[in-house]
Amino acid sequence: MPPKFDPTEIKTVYLRVVGGEVGATSSLAPKVGPLGLSPKKNAQIEVVPSAASLIIRALKEPPRDRKKVKHVKHNGNITYDDILNIAKTMQPRSMAKTLAGTVKEILGTSQSVGCTIDNNHPQDLIKQIDNGELEVPEE
């Protein structure tokens, strides 16, 4: 028997879903069942995008059907300002102490996505930040 539902209590449930798709209630039921909630009840939803999705959004690629189009190469080019904006967005969730560390995390993600930054390889920009050749603003 689940515990009684307290309407004033705030519970946080983290789910990872693909953007734009409606999640099945069968995947939600094991998470909210022990809390005494029905999977069909509405709740406040906060969408927190990942670094890779922000990079792909900055590439301005057209949306694709995930069921039909597989193994997409994201070989576009984005600007360093886009990287800084993404790093500022991701900084609260980053493990880095400074914005420079967060920028390097985003550059590593862009390398795994497969894009270039100002026609340069992301690893080259990481080396330039380490050497002090490329400056990262403090905030």
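In what order do the elements of the chain run from the N terminus on? The elements follow one another as α-α-β-α-α-β-α, and the chain contains five helices and two strands, where helices (H or I, at least four residues) and strands (E, at least two) are DSSP runs numbered from the N terminus. The model is predicted, so that local features need pLDDT of at least 70 and side-chain atom pairs count only at pLDDT 80 or more, whereas totals for chains, interfaces and linings use all residues. Residues are numbered from 1 along each chain as its sequence is written, and side-chain values use heavy atoms, with hydrogens and water left out.

Of the 139 residues in the chain, 22% are buried, a class defined by a relative accessible area under 20%, with exposed meaning over 50% and partly exposed in between (1.4 Å probe, protein chains only). The accessible surface of the chain amounts to about 10,700 Å², and carbon and sulfur atoms account for 53% of it; these areas come from the Shrake-Rupley method with a 1.4 Å probe, and for residues only the protein chains shown count as cover. Where contacts in the chain between residues at least 6 apart in sequence are considered, 53% join residues at least 24 apart, contact being taken as heavy atoms within 4.5 Å.

Two packed helices are described by the angle between their axes and the distance between the axes. For helix H3 (residues 80-90) and H4, the axes come within 9 Å and cross at roughly 115 degrees, the axes being lines fitted to C-alpha atoms, for helices over the stretch in contact, with angles that run from 0 to 180 degrees between N-to-C directions. H3 and H4 are therefore roughly perpendicular to each other, given that angles of 65 to 115 degrees count as roughly perpendicular, those under 35 as roughly parallel, those over 145 as roughly antiparallel and the rest as oblique. The crossing of H3 and H4 is right-handed, a term used if the near helix is turned clockwise from the far one by less than a right angle, and left-handed if anticlockwise. On the H3 side the contact is made by Tyr-80, Ile-83, Leu-84, Ile-86, Ala-87, Lys-88 and Met-90, and on the H4 side by Leu-99, Thr-102, Val-103, Ile-106 and Leu-107. By class, the residues of the contact of H3 with H4 comprise ten nonpolar, one polar and one charged, where Ala, Val, Leu, Ile, Met, Phe, Trp, Tyr, Cys and Pro count as nonpolar, Asp, Glu, Lys and Arg as charged, and the others, Gly among them, as polar.

Two residues of this contact may be described individually. Leu-84, in helix H3, is buried, with a relative accessible area of 10%, and its C-alpha lies 8.7 Å from that of Leu-99, which is 15 residues away in sequence. Not counting residues up to four places away in sequence, Leu-84 touches Val-103, Val-136 and Pro-137. Thr-102, in helix H4 (residues 99-113), counts as buried because its relative accessibility is 0%. Leaving aside neighbours within four places in sequence, Thr-102 is in contact with Ala-87, Met-90, Gln-91, Ser-94 and Ala-96.

H2 passes H4 in a right-handed crossing. In this pair, Ala-51, Ala-52, Ile-55 and Ile-56 in H2 meet Ile-106, Thr-109, Ser-110 and Val-113 in H4, and the contact has six nonpolar, two polar and no charged residues. Ser-53, in helix H2, is partly exposed at a relative accessible area of 29%; between Ser-53 and Val-113, 60 residues apart in sequence, the C-alpha to C-alpha distance is 9.5 Å.

Loop residues complete the description. Leu-35, in the loop between helix H1 (25-32) and H2, counts as partly exposed at 23% relative accessibility and touches Lys-11 and Val-13, not counting residues up to four places away in sequence. Most residues other than glycine have a negative phi. In the loop between strand E2 (116-117) and helix H5 (122-131), however, Asp-118 has a positive phi near 50 degrees, and Asn-119, in the loop between E2 and H5, has a positive phi of about 60 degrees. Asp-118 counts as partly exposed at 38% relative accessibility, whereas Asn-119 is exposed, with a relative accessible area of 63%.
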